[in-house]
Amino acid sequence: MSERTLIILKPDTVTRGLLGKVISRFEEKGLKLVGCKMIELNNEVLEKHYDHLKDKPFFPSIVSYMTSSPVLVQAWEGVEAVDVVRLMIGVTNSRQAQPGTVRGDFAMSIGRNIVHASEDIDAAKVELERFFDQNELYSYTRADEDKIYEDDEK
Ligand code: IDP
Ligand code: MG
């Protein structure tokens, strides 16, 4: 089933000039970019987005890092996109992330780990609504869609 998931390219990706390389990973995999904008995060949205971490001692450092430059928020679409993207980004601690994953290939840190991606379908729905208005998400056909999926997979 086709799904949509939220990816945030974090300040290290923006300031280290890695946006293109990271976006290419998802494009080349066959996922479809259906929403994209550069925004600045603030304390209020980060308290919602990282609600599960807001009582941790490192929460203030997450806020100062995530507000240290603009970020790129993106919606990506594809069959089982939520799980596919989580597999592609690797585990939270970049030093333990498998080579071949985004964090495994581009980062050395727990906090400065390049990318956020929604954990499951429910989170994806909430997070996409948090960062995108309905008219900022698009539908279109990739020219290579028939090469990417078999008919019965779409
Ligand atoms: P995830 O991004 O892999 O889903 P979460 O546990 O949801 O990981 O944590 C959200 C973000 O908070 C992480 O990506 C990382 O940037 C930051 N974070 C999580 N745990 C730590 C920690 O122990 N120290 C510093 N930052 C952390
Ligand atoms: Mg998470």
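Colleague: Over residues 2-139, how much of the chain is helix and how much is strand, and how far apart are the end C-alpha atoms?

Modeller: Please keep in mind that this is a predicted model. Over residues 2-139 the chain is 41% helix and 20% strand, and the end C-alpha atoms lie 12 Å apart. That range comes from UniProt, where an unreviewed entry lists residues 2-139 as "domain: Nucleoside diphosphate kinase-like".

Colleague: Why is Leu6 called buried?

Modeller: Buried means under 20% relative accessible area. Leu6 has 0% relative accessibility, so it counts as buried. The residue belongs to strand E1. Beyond its neighbours within four places in sequence, Leu6 is in contact with His49, Gln74, His116, Ala117, Ser118, Glu127, Leu128, Phe131 and Phe132.

Colleague: What makes Asn113 buried?

Modeller: Its relative accessible area is 2%, and the cut-off for buried is under 20%; therefore Asn113 is buried. You will find Asn113 in the loop between H6 and strand E4 (115-117). Apart from neighbours within four places in sequence, Asn113 is in contact with Lys10, Asp12, Tyr65, Thr92, Ser94, Arg103 and Ala107.

Colleague: Which backbone oxygen lies 3.0 Å from a polar atom of the Asn113 side chain?

Modeller: The backbone oxygen of Ile110 does.

Colleague: Which residues does the UniProt annotation "binding site" cover?

Modeller: The unreviewed entry gives Lys10, Phe58, Arg86, Thr92, Arg103 and Asn113. They are spread over 104 residues of sequence and also in space, with up to 22.7 Å between C-alpha atoms. The lining of the largest pocket takes in Lys10, Phe58, Arg86, Thr92, Arg103 and Asn113.

Colleague: How do you know that the buried residues of H2 line one face of the helix?

Modeller: The buried residues of H2 (residues 19-29) are Val22, Ile23 and Phe26. Looking down the axis of H2, they fall within an arc of 95°, so they line one face. An α-helix has 3.6 residues a turn, so residues three or four places apart point the same way. On the other side of H2, Lys21 and Glu28 are exposed. The cover over the buried residues of H2 includes E1, helix H1 (11-15), E3, helix H5 (81-89) and helix H6 (102-106). After H2 comes Gly30, with a positive phi near 115°.

Colleague: What puts the buried residues of H5 on the same side?

Modeller: Ala81, Val82, Val85, Met88 and Ile89 are the buried residues of H5. Their arc around the axis is only 135°, which means they are on the same side of H5. Asp83 and Leu87 are exposed on the other side. The buried residues of H5 pack against E1, H2, E3, H6, E4 and H7.

Colleague: How do you know which side of H7 is the buried one?

Modeller: In H7, Ala124, Glu127, Leu128 and Phe131 are buried. They cover an arc of only 100° around the axis, so they share one side of H7. The face turned away from that side carries the exposed residues Asp122, Lys125 and Glu129.

Colleague: What makes Asp120 a cap for H7?

Modeller: A side-chain oxygen of Asp120 lies 3.3 Å from the backbone nitrogen of Asp122, at the N-terminal end of H7.

Colleague: Which residues touch the most other members of the largest nonpolar core?

Modeller: Of its 20 residues, Ile8, Leu41, Leu46, Tyr50, Met66, Phe131 and Phe132 do. Strand E1 (2-9), helix H3 (43-49), helix H4 (59-66), strand E3 (71-79) and helix H7 (121-131) each supply at least two residues of this core. H4 gives the most, with five residues. A second, separate core of 19 residues includes Ile7, Phe26, Val115 and Ala117.

Conventions
Residues are numbered from 1 along each chain as its sequence is written. Chains are lettered from A and ligands numbered from 1 in the order in which they are written. This is a predicted model: local features need pLDDT of at least 70, side-chain atom pairs count only at pLDDT 80 or more; totals for chains, interfaces and linings use all residues. Side-chain values use heavy atoms; hydrogens and water are left out. A nonpolar core is a set of buried Ala, Val, Leu, Ile, Met, Phe, Trp, Tyr and Cys residues joined through side-chain atoms within 4.5 Å. Buried means under 20% relative accessible area, exposed over 50%, partly exposed in between (1.4 Å probe, protein chains only). Helices (H or I, at least four residues) and strands (E, at least two) are DSSP runs, numbered from the N terminus. The arc is that of the directions from the helix axis to the C-beta atoms. Contact means heavy atoms within 4.5 Å. UniProt positions are given in the numbering used here, feature names are shortened, and annotations may be inferred rather than shown by experiment. On a 1 Å grid over the protein atoms alone, a cavity is a set of points where a 1.4 Å probe fits but cannot get out, and a pocket is an open set with protein on both sides within 12 Å along at least five of seven lines; lining residues have an atom within 4 Å of a point. A polar contact is a pair of N or O atoms within 3.5 Å; within protein, one must be able to donate a hydrogen and the other to accept it, and residues adjacent in sequence count only if both atoms are side-chain atoms.
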